[in-house]
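Please look at the sequence and the structure as they come up, and I shall then go through the features one by one.

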Amino acid sequence: MQGFYTNYVIWSHKATVKVYNFSIPIPYDRLKTYKVFTFIIITLNFLGFGYVFLQTAATASVVSILGLVINAVPWLYYLLNKKHIKSPVVEITLIASAIIWMYFGNFWMGILLFFFALMSFFTNKKLVILFDETGIVYPSFPVKKYAWADVGQALWKDDILTIDLKNNKLLQFTIEKEFAGGFDAIEFNKWCSAFTKNAA
C-alpha cells in the first residue's frame, strides 16, 4: 500500500540520494494527440518506403524493404490492438527510419525523425508529482518546484489530486484507479495540511 512516507529515490550526478515522502503518478493530457500523431508519422514512413521500393534499383530496394518492415510492425500492432505503441519501440522505429532516410540522401527527413524520437522519449516518460518537507516537484519541462509557502492547499479527494497555488493557479489530476486503490488519502491530506499551515 502506498501511504505515508512513500519513497521515491532520485540519483543525481554526484550519486546522492533524494527521498520523497509521496510520489503520485499523473495522467498526460496530450498523450492521446501524441498517439495519433505517432501513427500518422509511421504510416507516412511506411508509404514513403513503399514508394522508394517501387522506384529504385536492387540495393536500394533491399534497404527500403527494411524500412517497410521496421514501420510495419508497430503500425500493425497499433491497428490490431488499438493501443499506443509502447516505448522504446517507437523510438527504435523512428531512429532506424531516420538512418534509412539519410542513407537515401533525405537528410531533412532524417533530422526531423531524430527530433521526434527525442520528443518521444520525454512524452512516454511516466509523469510523477513528488512531495517532501520542502515542497512539491511538478514534472513539467523544465521541472518546477513549488515551496510549501507557495501552496494554499494540496488535497486528495475522490481520486482527484488538487494543488491550489497562492498565485491563483490550480493543478488538478484524476488519478488512475490502479494506483488510487492502494493510496492512503487520509494520511496524505493530513501530512500536506501540516506543511501548508506551517508555511502560511
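Predicted model: local features only at pLDDT ≥ 70, side-chain atom pairs only at ≥ 80, totals over all residues.

Which residues in H3 are buried? They are Val-90, Glu-91, Thr-93, Leu-94, Ser-97, Ala-98, Ile-100 and Trp-101.

An α-helix has 3.6 residues a turn, so residues three or four places apart point the same way. In H3, the buried set includes Val-90, Thr-93, Leu-94, Ser-97, Ala-98 and Trp-101. The length of H3 can also be examined. With 15 residues at 1.5 Å a residue, H3 should span 21 Å, and this agrees with the 21 Å between its end C-alpha atoms. Just after H3 comes Gly-105, whose phi is positive, at about 90°.

Let me set this helix in context. The protein contains 6 helices and 9 strands. Of its 200 residues, 40% are buried. The accessible surface comes to about 12400 Å², and carbon and sulfur atoms hold 65% of that surface. Among contacts with a separation of 6 or more, 53% are between residues 24 or more positions apart.

I turn now to the aromatic residues. How many aromatic pairs does the structure hold? There are 19 aromatic pairs. One of them is formed by Phe-49 and Trp-101, which are stacked, with 4.5 Å from centre to centre and 15° between the planes. Phe-49 belongs to helix H1, residues 31-55, and Trp-101 to helix H3, residues 89-103, so that this pair links distant parts of the chain, 52 residues apart. Why do both partners count as buried? Buried means under 20% relative accessible area; Phe-49 counts as buried because its relative accessibility is 0%, and Trp-101 because its value is 8%.

A second pair has another geometry. Trp-148 lies in the loop between strand E6 (144-147) and strand E7 (151-157), while Trp-191 lies in helix H6 (residues 185-199), so the pair ties together parts 43 residues apart in sequence. Trp-148 is buried, with a relative accessible area of 3%, and Trp-191 is buried as well, at 6%. Both residues also belong to one aromatic cluster, together with Phe-22, Phe-131, Trp-156, Phe-179, Phe-183, Phe-188 and Phe-195.

Next, the sheet. In what order do the 3 strands of the open sheet stand? The order is E7-E8-E9, with antiparallel pairing. E7 and strand E9 (170-174) each have a single partner strand and stand at the edges, so one side of each is left without a neighbour in the sheet. From one strand to the next, the twist averages 5°. Between E7 and strand E8 (residues 160-165), the antiparallel pairing runs over 6 bridges. There, Lys-157 stands opposite Ile-160 of E8.

Is Phe-173 buried or exposed? At 7% relative accessibility, Phe-173 counts as buried. Leaving aside residues up to four places away in sequence, Phe-173 touches Ile-26, Pro-27, Ile-129, Tyr-138, Asp-159, Ile-160 and Leu-161. Phe-173 and Ile-163 are 10 residues apart in sequence, and their C-alpha atoms are 9.0 Å apart in space.

That concludes my presentation, and I thank you for your attention.

Note on methods
Residues numbered from 1 in each chain as written. Heavy atoms only, no water. Phe/Tyr/Trp six-rings, centres within 6.5 Å; stacked < 30°, edge-to-face > 60°. Helix = DSSP H or I, 4+ residues; strand = E, 2+ residues; numbered from the N terminus. Buried < 20%, exposed > 50% of the residue type's maximum accessible area, 1.4 Å probe, protein only. Expected span 1.5 Å × (residues − 1). Pairing = 2+ DSSP bridges. Axes fitted to C-alpha atoms, helices over the stretch in contact; angles between N-to-C directions. Contact = heavy atoms within 4.5 Å. Areas by Shrake-Rupley, 256 points an atom, 1.4 Å probe, with all protein chains shown as cover.
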